[in-house]
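Welcome, and take a moment to look over the model below.

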Number of protein chains: 2
Amino acid sequence: MAGSAIKPTPLLKDELDIVIPTIRNLDFLEMWRPFFEQYHLIIVQDGDPSKTIKVPDGFDYELYNRNDINRILGPKASCISFKDSACRCFGYMVSKKKYIYTIDDDCFVAKNPSGEQINALEQHIKNLLSPSTPYFFNTLYDPYREGADFVRGYPFSLREGATTAVSHGLWLNIPDYDAPTQLVKPLERNKRYVDAVLTVPKGTLFPMCGMNLAFNRELIGPAMYFGLMGDGQPIGRYDDMWAGWCMKVICDHMGWGVKTGLPYIWHSKASNPFVNLKKEYRGIYWQEDLIPFFQAAVLPKECVTVQQCYIELAKQVKEKLGKVDPYFIKLADAMVTWIEAWDELNSSEEKSSKQPNGTAK
Amino acid sequence: MAGSAIKPTPLLKDELDIVIPTIRNLDFLEMWRPFFEQYHLIIVQDGDPSKTIKVPDGFDYELYNRNDINRILGPKASCISFKDSACRCFGYMVSKKKYIYTIDDDCFVAKNPSGEQINALEQHIKNLLSPSTPYFFNTLYDPYREGADFVRGYPFSLREGATTAVSHGLWLNIPDYDAPTQLVKPLERNKRYVDAVLTVPKGTLFPMCGMNLAFNRELIGPAMYFGLMGDGQPIGRYDDMWAGWCMKVICDHMGWGVKTGLPYIWHSKASNPFVNLKKEYRGIYWQEDLIPFFQAAVLPKECVTVQQCYIELAKQVKEKLGKVDPYFIKLADAMVTWIEAWDELNSSEEKSSKQPNGTAK
């Protein structure tokens, strides 16, 4: 690739992996080429492992299908969902980089109001590398942004901010609606470009969507488990929500910040609302118990690592949500398995055990 | 005014007062004429009561100077600040309307990115008349806005929202910075139009600025006391902050929402940072104690009216902040006086006791 010699090195080039869960050829990467080409991709192939996923030329990637996941994790592979984009979290586990950006294969490059293509990854990196403000709301939004600052009345002792763990990006065109809302408003499109990044305050939960999401894997990676969804499970489409609620409770406990807002991607196609309804309907009533559970969850001071926090949260899930449905007992066990698998793959000796079946470029 | 016969009646025309604290002629109203002309204005004249404030023709207003305040409140007038825009809260007290919009006389009509003049008042009214979402963050911001909704993962039981008590608007051009930030960044201007309205989550404090602020007086009016500032007091420029922190704790207790974001006004002139520093410097270090105090403040269940909440908060201020400085003991007493005065003026029998010295049109 002689041309790449003259390209400027993008931010965090060797410290960030892009994780893409997919069941199809990755033609969508063509549009992302100027922004992703110099980064390493981790592709998690969902569904039939005998199928070959085509990746456009020139991308540096490793690809894992279900056979790889089973081989690498052995019996612990049970914690990784099948036939659901929740499988993406396997990519977080096998990455060895400090940062992760994950994107869906129906997401394209959006344009800002001036008509310029948005480098979503660059904005996520800016979000992750600048502090958050979880303890007090700044009315001019991100105070670290060019042209902004903390407003009058913002305590000076809080202006150093908190370390940012997660950057949650948004979507133009098809909004991330649940099945009932999709059914009621089939034609609604998100056309509003809100030029803001803000910190979700401490103690506040939000619906984290996995379509356009970046995080500091070294900090919060072990909490980014996308749960048991899809094949053999009673729900789907709550993978990212589950991760978001667990992650937020843990970030609040650890003193880390979570941002949402810019960057936008262009979300091209709405999933089928009838299929979605079938996947979601249990989640829709379970979440009425989940939200109060997470709002009330307190982690003891003794939990000083994300793994400890996550194991403690799994215990509370089993105790308190097990009564809602036996599914949560299974999920709590999977949360523990996830941490065991994470620690196994991320101990320094175990790096050689993973053998991706594809590397290109 | 024959021309007004063909003008459409604006929203809440007879249910909203516009409160303006001032020390100068109100030429700034010319620019607001198309938006304010059909509303009633309450002008609170600060400083020398012998000075005559000119109000442009065609506005319907009542004007109160210091002599009026002293006459109407008698000894209780001590709770109303002098030589500080904190005096504006007297206007909230004498209003008999359900809603208040308050604006500074150095604030002009801003333009949106399409170059259209922004009807700030209309946006505030929309904010106040639609619910808030204090219990869970919606990543597409105000879900009640045209073209938006609740996103996937937002609990359905929370979609009815909470009653909105306060709408906090923002400022283009001169941002609302404290003196140290003004000194460090004298040339910074706010050029970013963020097209969003959002609810400040329950449990989160923010710096409420009084320049461009609307609220439901019937709900939260008694908590909108702007404190003791200016003449004879050790601080200034914390009037709106104080009101904002008290108000937020009470709204959280009562289950009401507070919004911030749109609308923008054009803030034309920065106040003198050296003068501001003198007014602010005690506040800058006191607020390091104030914020933890308000973050930890809990109101007992027995407090079921705003007045009860406010009296309880005054008690806690005296007990806990009295140690920070004797000023807070005086302020706590003034908070009680304010409620007494509020109740006196707002009991049904006492309406005739106020005699504004000016009514025009």
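## Helices packed around α9 of chain B

B:Trp242, B:Cys246, B:Val249, B:Ile250, B:His253 and B:Met254 of α7(B) meet B:Val306, B:Cys309, B:Tyr310, B:Leu313, B:Val317 and B:Leu321 of α9(B); contact here means heavy atoms within 4.5 Å. By class, this contact has 11 nonpolar residues, 1 polar and no charged. Ala, Val, Leu, Ile, Met, Phe, Trp, Tyr, Cys and Pro count as nonpolar, Asp, Glu, Lys and Arg as charged, and the others, Gly among them, as polar.

Before going further, please note that this is a predicted model, in which local features need pLDDT of at least 70 and side-chain atom pairs count only at pLDDT 80 or more, while totals for chains, interfaces and linings use all residues. Residues are numbered from 1 along each chain as its sequence is written, chains are lettered from A and ligands numbered from 1 in the order in which they are written, and side-chain values use heavy atoms, with hydrogens and water left out.

Helices (H or I, at least four residues) and strands (E, at least two) are DSSP runs, numbered from the N terminus.

| Helix pair | Axis separation | Angle |
|---|---|---|
| α7(B) and α9(B) | 10 Å | about 125° |
| α8(B) and α9(B) | within 11 Å | roughly 135° |
| α9(B) and α10(B) | 8 Å | about 165° |

The axes of α9(B) and α10(B) are at about 165°, which makes α9(B) roughly antiparallel to α10(B). At roughly 135° between their axes, α8(B) is oblique to α9(B). The helices α7(B) and α9(B) are oblique to each other too.

The crossing of α7(B) and α9(B) is right-handed, whereas that of α9(B) and α10(B) is left-handed. On the α9(B) side, the contact with α10(B) includes B:Gln307, B:Tyr310, B:Ile311 and B:Leu313, and on the α10(B) side the residues include B:Phe328, B:Ile329, B:Trp338 and B:Trp342. This contact has 14 nonpolar, 1 polar and 3 charged residues.

α8(B) passes α9(B) in a right-handed crossing. Here B:Asp289, B:Leu290, B:Phe293 and B:Phe294 of α8(B) touch B:Leu313, B:Gln316, B:Val317, B:Lys320 and B:Leu321 of α9(B). They divide into 6 nonpolar, 1 polar and 2 charged residues.

## Inside the structure

Which residues have the most contacts inside the largest nonpolar core? They are A:Ile220, A:Trp242, B:Ile220 and B:Trp242, in a core of 248 residues. Such a core is a set of buried Ala, Val, Leu, Ile, Met, Phe, Trp, Tyr and Cys residues joined through side-chain atoms within 4.5 Å. Buried means under 20% relative accessible area, exposed over 50%, and partly exposed in between (1.4 Å probe, protein chains only). Beyond its neighbours within four places in sequence, B:Ile220 is in contact with residues including B:Phe215, B:Met247, B:Trp256 and B:Val306.

Helix α4 (residues 120-129) of chain B is largely enclosed by the rest of the structure, because 7 of its 10 residues are buried. Among them are B:Leu121, B:His124 and B:Ile125.

## Loops and backbone features

B:Asn138 sits in the loop between α4 and β6 (164-173) of chain B and is buried, at 2% relative accessibility. Not counting residues up to four places away in sequence, B:Asn138 touches B:Pro143, B:Asp149, B:Phe150, B:Val151 and B:Tyr154.

Most residues other than glycine have a negative phi, and most peptide bonds are trans. A:Tyr141 has a positive phi of about 65° and is buried, with a relative accessible area of 4%. B:Lys83 also has a positive phi, near 55°, but counts as exposed at 52% relative accessibility.

A cis peptide bond joins A:Leu262 and A:Pro263, with omega about 5°. In chain B, a cis peptide bond joins B:Leu262 and B:Pro263, and B:Pro263 is found in strand β9 (residues 257-267).

Definitions and conventions: Axes are lines fitted to C-alpha atoms, for helices over the stretch in contact, and angles run from 0 to 180 degrees between N-to-C directions. Angles under 35 degrees count as roughly parallel, over 145 as roughly antiparallel, 65 to 115 as roughly perpendicular and the rest as oblique. A crossing is left-handed if the near helix is turned anticlockwise from the far one by less than a right angle, and right-handed if clockwise.
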